[in-house]
Amino acid sequence: MQCRFRGLRRKEVINICDGCRLGFVADVDVRIPEGQVIAIVVNGPAKFFGLFGRGEEFYIPWDCIQRIGDDIILIDKPFQRRNPAQERQRQRKF
């Protein structure tokens, strides 16, 4: 299968572990001398209609990609959901 980066950006990434829609491909991590794709980067969900930026990015190693279809990319990677209350406590400590 041959695909350009332009084509990857139009594909939505879905995690088959929990059925969560992560978003669309934003960037690709490539090892330059070999030309090997290491991972894809997916932007997190937008905060308040995109006015306050985006959430955390998802870095998905190429090994976690199960299938690339015409319009979606299926991955198999469990993500740890963060509790906002715990995040606020961590920020106060530092």
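Tutor: Here is a walk through the sheet, from its layout to a few of its residues.

A word on the source: this is a predicted model, in which local features need pLDDT of at least 70 and side-chain atom pairs count only at pLDDT 80 or more, while totals for chains, interfaces and linings use all residues. Residues are numbered from 1 along each chain as its sequence is written, and side-chain values use heavy atoms, with hydrogens and water left out.

Let's begin with the layout. The protein chain has 2 helices and 6 strands; helices (H or I, at least four residues) and strands (E, at least two) are DSSP runs, numbered from the N terminus. Read from the N terminus, the order of elements is α-β-β-β-β-β-β-α. Two strands pair if DSSP finds at least two bridges between them. In general, strands of a sheet pair through backbone hydrogen bonds, parallel or antiparallel.

Now for two of the pairs. Strand 2 and strand 3 run antiparallel and are joined by 6 bridges, and Asp 29 stands opposite Ala 39 in strand 3. Strand 5 (residues 65-68) is also antiparallel to strand 6, over 3 bridges. A hairpin of 3 residues links strand 5 to strand 6, and Ile 68 is opposite Ile 73 in strand 6.

Ile 73 also leads us to the core. A nonpolar core is a set of buried Ala, Val, Leu, Ile, Met, Phe, Trp, Tyr and Cys residues joined through side-chain atoms within 4.5 Å. Buried means under 20% relative accessible area, exposed over 50%, and partly exposed in between (1.4 Å probe, protein chains only). The largest nonpolar core has 13 residues, and those touching the most other members are Val 13, Leu 22, Ile 60, Ile 73 and Ile 75. Two or more residues each come from strand 2 (21-31), strand 3 (36-42), strand 4 (58-61) and strand 6 (72-75). Strand 2 gives the most, with 3 residues. Setting aside neighbours within four places in sequence, the contacts of Ile 73 (heavy atoms within 4.5 Å) include Leu 8, Val 13, Val 25 and Ile 68.

Glu 12 is another partner of Ile 73, and its place is in strand 1 (residues 12-15). Glu 12 counts as buried because its relative accessibility is 13%. Its side chain makes a polar contact with the side chain of Arg 21 at 3.0 Å. A polar contact is a pair of N or O atoms within 3.5 Å; within protein, one must be able to donate a hydrogen and the other to accept it, and residues adjacent in sequence count only if both atoms are side-chain atoms.

Finally, look at Gly 23, which is found in strand 2. Gly 23 is buried because its relative accessible area is 16%. Not counting residues up to four places away in sequence, Gly 23 touches Lys 11, Glu 12, Val 13 and Val 42. Gly 23 and Gly 44 are 21 residues apart along the chain, and their C-alpha atoms are separated by 6.8 Å.
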